[in-house]
Amino acid sequence: MRQTVAWWKWVIVVIGLLIIVVAAGRWIYQRTKASQPPPPATPEEAQREYQEQVLGYPAKQPTPRR
């Protein structure tokens, strides 16, 4: 003869699974967010970083003409 499980036990199981899913989602989000570098502070810094990535070495800034 089958015995039915009380409804409050199902509530506890569902809440427990929800907590596990939320914790795993937060952990994955934090890991992916932390692996990204912060955005550059100024447009000049962004240009310098882009040139370093493209050229492979720090680029010399052009001297202004007079």
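## Overall architecture

The chain contains two helices and zero strands, where helices (H or I, at least four residues) and strands (E, at least two) are DSSP runs numbered from the N terminus. The model is predicted: local features need pLDDT of at least 70, side-chain atom pairs count only at pLDDT 80 or more, and totals for chains, interfaces and linings use all residues. Residues are numbered from 1 along each chain as its sequence is written, and side-chain values use heavy atoms, with hydrogens and water left out.

## Surface and burial

Of the 66 residues in the chain, 2% are buried (under 20% relative accessible area; exposed is over 50%, partly exposed in between; 1.4 Å probe, protein chains only). The accessible surface of the chain is about 7000 Å², and carbon and sulfur atoms account for 64% of that area (Shrake-Rupley method, 1.4 Å probe; for residues, only the protein chains shown count as cover).

## Helix H1 and Trp-7

Trp-7 lies in helix H1 (residues 7–34). Trp-7 counts as exposed because its relative accessibility is 67%.

## Helix H2

Helix H2 (residues 43–55) has 13 residues and should therefore span 18 Å at 1.5 Å a residue, in agreement with its end C-alpha atoms, which are 18 Å apart; the expected span is 1.5 Å times one less than the number of residues. Gly-56 follows H2 and has a positive phi, near 90°.
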